[in-house]
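Q: I would like to go through this model with you, one topic at a time. Could we begin with a helix and its surroundings?

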Amino acid sequence: MSGIKVFRSVKDVREYRLQCTLRGESVGFVPTMGALHEGHCSLIKESLNNNDVTIVSIFVNPSQFSPTEDLDAYPRTLDCDLELLSVLKNDRDEEENSSRKVNAVFVPTVSEMYPSGISLDVNEQKGAFVSVLGVSGQLEGRMRPQFFRGVATVVTKLFNVITPTKAYFGQKDIQQTVVVKNLVKDLLLPIEIVVLPTIREKSGLALSSRNSYLSENARDDAAIIYKALHLAELEYYNNNEVTDSLELLKIIDNVLKDYTDGTKGNYDIDYVSINHPKTLDTLDKITPGVGAIISTAIKVPNGHGDFTRLIDNVVLK
């Protein structure tokens, strides 16, 4: 693993972080649940480019799963993830005549992260948890009520352990970035949150660990999701008068229609929504300069007799 330190305990990470502080080094942090792909790599490379030290965490967080979701089925590919991390380096070697690589990976056990234990049933949980009110109950939060409570809790724990200078998140999980930004603001944490654009396949499909569940044909078809969002985005930018959310939602609906009515597919839309970029309030009208988030979650046939739930978004300025 080419010099990457792998830590399993909070104590060991804190001791390592203390040495970074004593050396005056900036620390970039990328939290992940593993099953790493190019989207994660883009975040890690950005950290490598802009920090003295980069730490990645790999932890499948049980508190963001509900009792009806199969926590055990989440892909766990630790050996492959560590191998991938060992070969990543910054993009500025020629300029700096040096090479930065991932310095450390934090791979804690569940008991290390949840000393009081953790049940998937919220009513049975004990200990301290973090809720970010106002931006957690809509969109993904409406479909998965305990999800962002679990995200906010584990991110707070990881921030407390690693105390990064900067932490990196992807735009694909747009509501998560809003939740984390509010968490950092309201808990007065001295951490800069950096959000990077969604990395996409050539077809436009947003990269996700869940894409591995799709057959090749299902993957190709699912590119229609981004096409629909992108056409609404183009209409907003190319026609300054189109600030009515309903008009943009109609564009998306028309593009997806054949895939939701059985003509070309059997997609099941959880939501398509246009929301304020900071408060996530639902918008009837978009104010240019303030902008909006157009986001969607859709269950698509995965080609294996089941459905896979995909999320995507575009951000309007």
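Q: Which residue caps the N-terminal end of helix 11?
A: D244 does: one of its side-chain oxygens is 2.8 Å from the backbone nitrogen of L246. A polar contact here is a pair of N or O atoms within 3.5 Å; within protein, one must be able to donate a hydrogen and the other to accept it, and residues adjacent in sequence count only if both atoms are side-chain atoms. Helices (H or I, at least four residues) and strands (E, at least two) are DSSP runs, numbered from the N terminus.

Q: Before we continue, what kind of model is this?
A: It is a predicted model, in which local features need pLDDT of at least 70 and side-chain atom pairs count only at pLDDT 80 or more, while totals for chains, interfaces and linings use all residues. Residues are numbered from 1 along each chain as its sequence is written, and side-chain values use heavy atoms, with hydrogens and water left out.

Q: Back to helix 11, then. Where does it bend?
A: Helix 11, residues 245-260, bends by about 35 degrees at N254. The bend at a residue is the angle between axes fitted to the seven residues ending there and the seven starting there. Just beyond the helix, G262 has a positive phi of about 95 degrees.

Q: Which of its residues are buried?
A: In helix 11 these are S245, L248, I252, V255, L256 and Y259. Buried means under 20% relative accessible area, exposed over 50%, and partly exposed in between (1.4 Å probe, protein chains only).

Q: And what do they pack against?
A: The buried residues of helix 11 pack against helix 9 (216-222) and helix 10 (224-238), as well as strand 7 (268-275), strand 8 (292-301) and strand 9 (307-316). Contact means heavy atoms within 4.5 Å.

Q: What is the strand order in that sheet?
A: The order is 7-8-9, in an open sheet of three strands with antiparallel pairing. Strand 7 and strand 9 are the edge strands, each pairing on one side only. Neighbouring strands are turned by 10 degrees against each other on average, direction ignored. Two strands pair if DSSP finds at least two bridges between them.

Q: What holds paired strands together in general?
A: Strands of a sheet pair through backbone hydrogen bonds, either parallel or antiparallel.

Q: How many bridges are there here?
A: Strand 7 and strand 8 are joined by seven bridges, and I269 has I298 of strand 8 as its bridge partner. Strand 8 and strand 9 pair over 10 bridges, with A297 opposite I311 in strand 9. The hairpin of strand 8 and strand 9 has five residues between the strands, and G303 there has a positive phi near 85 degrees.

Q: Which helix packs on this sheet?
A: Helix 10 does, touching strand 8 and strand 9, and its direction makes about 15 degrees with that of strand 9. Axes are lines fitted to C-alpha atoms, for helices over the stretch in contact, and angles run from 0 to 180 degrees between N-to-C directions.

Q: Why is strand 9 described as largely enclosed?
A: Because seven of its 10 residues are buried, strand 9 is largely enclosed by the rest of the structure.

Q: D312 is in that strand. Which side chain makes a polar contact with its side chain?
A: The side chain of R200 does, at 2.8 Å. D312 counts as buried, at 5% relative accessibility. Leaving aside neighbours within four places in sequence, its contacts include R200, A206, I225 and Y226.
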